[in-house]
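This report looks at a ligand site and at a few individual loop residues. Please keep the sequence and the structure in view while reading.

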Amino acid sequence: MALDKNVVVLIGGVGGAKLAHGLIQVVKPESLTFIVNTGDDFWHLGLKICPDLDTLMYTLSGLVDPAAGWGMADDSIRVLQSLEKNYGIESWFRLGDKDLATHLLRTHLLRQGYTLTEATACLTEQLAIPARLLPMSDAEIPTIVDTVEYGELGFQEYFVKHRWQPVVKSIRHQDCERARLSTAVHDALAAASTVLIAPSNPWLSLAPILAVPGLRALLEDLTLPIVAVTPIIAGDAVKGPTAKIMAELGIDVSAESVADYYGAMINGFVDDIRNDGFQNKELQMLRYDTLMTDLSTKIDLAHAILGWIEGWAR
Ligand code: FO1
């Protein structure tokens, strides 16, 4: 049975997309909105690349490469190989031939004057994705990672070119003070019955969303369930640099640190049964198996979280 409450999910890329895949089977898609991190976005070879929007779009349309969790399944890299072989262009950022269609069309729409919100609506409609995907902002707010080895790096240089190996000193969100909350994001949050924070990297994927001026204040004013799902399982990240970055920033690698990071903004937390567990009187707490390995575990987790939240009101 699909739930028809308005569920809004703040979300990054690969880790969050697993929960999104479960949620879209459980919530009526027209009642489901994803507010997506665009701090990872960059311009590359004249194309606007929005990795987390792409990952969500490909996951929800069934096009995603299941092994990588990003990019399109059964893609080739002939364009990239030609760029490298014939023109000496660096190929550290793997743009697939089929994937290029997304970047070409998005860039074309932006060049025609559409906002990123409008361009995303056009792409998701064509891919027949019934839920709403909203970029966190129409302004560009690139994440800049300050590292011990290389100084400041653009996000994709840090993440893909250097395979997130440099030691992180700090992270900033360039030009965030100039950005505005889009009407679409404002209205989605104002109409929400539940807000979920996906098990994405809090420091790389959620912090950029929360840095959009007005967004955190709007969340803090809402009187509804705002629930974060732990990205830390058995004291480690499932994939990616969450635990490594926490250690580098001097933060204890635990689900409790993640809950503390979100602080008063959340009133519920989903912890994993493999973690030690912690007490927090301010939070409703669900301990559950949050490791999503296939569609059935994704659906099971989505169901468990929303069913548990339903129970709060009773
Ligand atoms: N991730 C990689 O690890 N290597 C890549 O070459 C790469 C290319 C890429 C192209 C388009 C796209 O939408 C995503 C891509 N990603 C790649 C994924 C992405 O950079 C990261 O997973 C996210 O930015 C982190 O959420």
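This is a predicted model: local features need pLDDT of at least 70, side-chain atom pairs count only at pLDDT 80 or more; totals for chains, interfaces and linings use all residues.

Asn267 belongs to the loop between helix 11 (255-262) and strand 13 (268-272). Although Asn267 and Pro225 are 42 residues apart along the chain, their C-alpha atoms are separated by 6.3 Å.

## The ligand and its polar neighbours

There are 13 residues around the ligand, and those that come nearest are Asp40, Asp52, Asp54, Arg94 and Gln156. For Asp40, an N or O atom of the side chain is 2.8 Å from an oxygen atom of the ligand, and for Asp52 the corresponding distance from a side-chain N or O atom to a ligand oxygen atom is 2.9 Å. Arg94, by contrast, is represented by a polar backbone atom, which is 2.8 Å from an oxygen atom of the ligand. On its own the ligand has 530 Å² of accessible area, of which the protein covers 89%.

## The pocket and the make-up of the shell

The ligand takes up the space of the largest pocket. Two elements, helix 2 (51-61) and helix 6 (155-161), each give two or more residues to the shell around the ligand, and the largest share, four residues, comes from helix 6. When the residues of this shell are sorted by class, seven are nonpolar, one is polar and five are charged.

## Two non-glycine residues with positive phi

Leu45 is not a glycine, yet its phi is positive, at about 55°. Leu45 is placed in the loop between strand 3 (42-44) and strand 4 (47-49). With a relative accessible area of 45%, Leu45 is classed as partly exposed, since the class of exposed residues begins over 50%.

Arg163, likewise a residue other than glycine, has a positive phi near 50°. The loop that holds Arg163 runs between helix 6 and strand 8 (168-173), and helix 6 is also the element that gives four residues to the shell around the ligand. Is Arg163 buried or exposed? Arg163 counts as exposed, because its relative accessibility is 61% and the limit for that class is over 50%.

Technical notes: Residues are numbered from 1 along each chain as its sequence is written. Side-chain values use heavy atoms; hydrogens and water are left out. A residue is near a molecule or strand if one of its heavy atoms lies within 4 Å of it. A polar contact is a pair of N or O atoms within 3.5 Å; within protein, one must be able to donate a hydrogen and the other to accept it, and residues adjacent in sequence count only if both atoms are side-chain atoms. Accessible areas come from the Shrake-Rupley method with a 1.4 Å probe; for residues, only the protein chains shown count as cover. On a 1 Å grid over the protein atoms alone, a cavity is a set of points where a 1.4 Å probe fits but cannot get out, and a pocket is an open set with protein on both sides within 12 Å along at least five of seven lines; lining residues have an atom within 4 Å of a point. A molecule sits in a cavity or pocket if more than half of its atoms lie within 2 Å of its grid points. Ala, Val, Leu, Ile, Met, Phe, Trp, Tyr, Cys and Pro count as nonpolar, Asp, Glu, Lys and Arg as charged, and the others, Gly among them, as polar. Buried means under 20% relative accessible area, exposed over 50%, partly exposed in between (1.4 Å probe, protein chains only).
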